[in-house]
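Visitor: Could you take me through one part of this protein up close? I am new to reading structures, so please go step by step.

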Amino acid sequence: MLGRLSSAMGVRQLHREFLRAGANVMQTFTFYASDDKLENRGNKLTYTGAQINEAACDLAREVANEGDALVAGGVSQTPSYLSCKSETDVKATFKKQLDVFVKKNVDFLIAEYFEHVEEAVWAVEALKETGKPVAATLCIGPQGDMHGVSPQECACQAGQSRCPDCGNQLSL
């Protein structure tokens with residue numbers, strides 16, 4: 001119990017530092033907080049993705065309310081995609097996180113740091129189904145994504161996903 005409490009206190013303090021520095025968005029820090037990623041990393045689901053995402057939303061909202069900040073829930077790439085699961089299965093993984101974000105009424109959603117444009121597009125499509133504003137980032141290099149899709153084609157596919165706030169992070 002003490003470990004959980006001190007971890008929550010640390011996350012809360014980190015949010016407060018961002019708020020104090022002038023941030024107007026508190027991210028939920030839910031990068032890789034899906035059940036499939038937790039299992040992939042050896043966590044026998046001591047905590048489920050839903051539990052982690054709920055606690056993360058609560059901490060972010062608590063601190064956001066201390067200022068005038070928004071809360072952004074985030075999803076990231078999944079082992080389901082890398083295991084060649086279907087589009088339906090991958091979107092179901094995102095949906096588990098999204099159900100929590102909708103329940104906790106985050107202000108907008110971020111699909112972040114996707115190395116495969118196809119999975120990023122699937123994420124954006126799933127996020128848009130919530131009706132909340134969506135932003136997304138790709139992690140691509142000069143040769144494109146991890147499947148060799150060129151940077152130009154990645155931009156085209158991201159644009160076709162109708163995500164007005166899609167960007168990329170250059171990875172060398």
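Guide: Happy to! Strand β4 is mostly covered, with seven of its seven residues buried. Keep in mind that this is a predicted model, so treat each detail as part of a prediction.

Let's start with the two faces of the strand. In a regular strand, side chains alternate between the two faces of the sheet. On one side of β4 you will find Val 134, Ala 136, Leu 138 and Ile 140, and on the other Ala 135, Thr 137 and Cys 139. Residues on both sides are buried, so both faces of β4 are covered.

Now move to the neighbour, strand β3. β4 covers residues 134-140, and four bridges join β3 to it, with the two strands running parallel. To find this pairing on your screen, look for Ala 111, whose bridge partner in β4 is Ala 136. Another place to look is Leu 109, which stands opposite Val 134 in β4.

β3 itself spans residues 108-114, and six of its seven residues are buried, so this strand is largely enclosed by the rest of the structure. On to strand β2, residues 70-76: five bridges join β2 to β3, and this pair also runs parallel.

Next, let's turn to a pair of helices. Two packed helices are described by the angle between their axes and the distance between the axes. Helix α5 is made of residues 87-103 and helix α6 of residues 117-128; their axes come within 9 Å and cross at roughly 50°. That angle makes α5 oblique to α6, and the crossing is right-handed. From α5, the contact is made by Glu 87, Val 90, Lys 91, Phe 94 and Leu 98. From α6, Glu 119, Trp 122, Ala 123, Glu 125, Ala 126 and Leu 127 take part. Sorted by class, this contact has seven nonpolar residues, four charged ones and no polar ones.

One last stop is Lys 85, in the loop between α4 (79-82) and α5. With a relative accessible area of 42%, Lys 85 is partly exposed, because this class lies between the 20% limit for buried and the 50% limit for exposed. Leaving aside residues up to four places away in sequence, Lys 85 touches Ser 80 and Val 90.

Note on methods: Residues are numbered from 1 along each chain as its sequence is written. This is a predicted model: local features need pLDDT of at least 70, side-chain atom pairs count only at pLDDT 80 or more; totals for chains, interfaces and linings use all residues. Side-chain values use heavy atoms; hydrogens and water are left out. Axes are lines fitted to C-alpha atoms, for helices over the stretch in contact, and angles run from 0 to 180 degrees between N-to-C directions. Angles under 35 degrees count as roughly parallel, over 145 as roughly antiparallel, 65 to 115 as roughly perpendicular and the rest as oblique. A crossing is left-handed if the near helix is turned anticlockwise from the far one by less than a right angle, and right-handed if clockwise. Contact means heavy atoms within 4.5 Å. Ala, Val, Leu, Ile, Met, Phe, Trp, Tyr, Cys and Pro count as nonpolar, Asp, Glu, Lys and Arg as charged, and the others, Gly among them, as polar. Buried means under 20% relative accessible area, exposed over 50%, partly exposed in between (1.4 Å probe, protein chains only). Two strands pair if DSSP finds at least two bridges between them.
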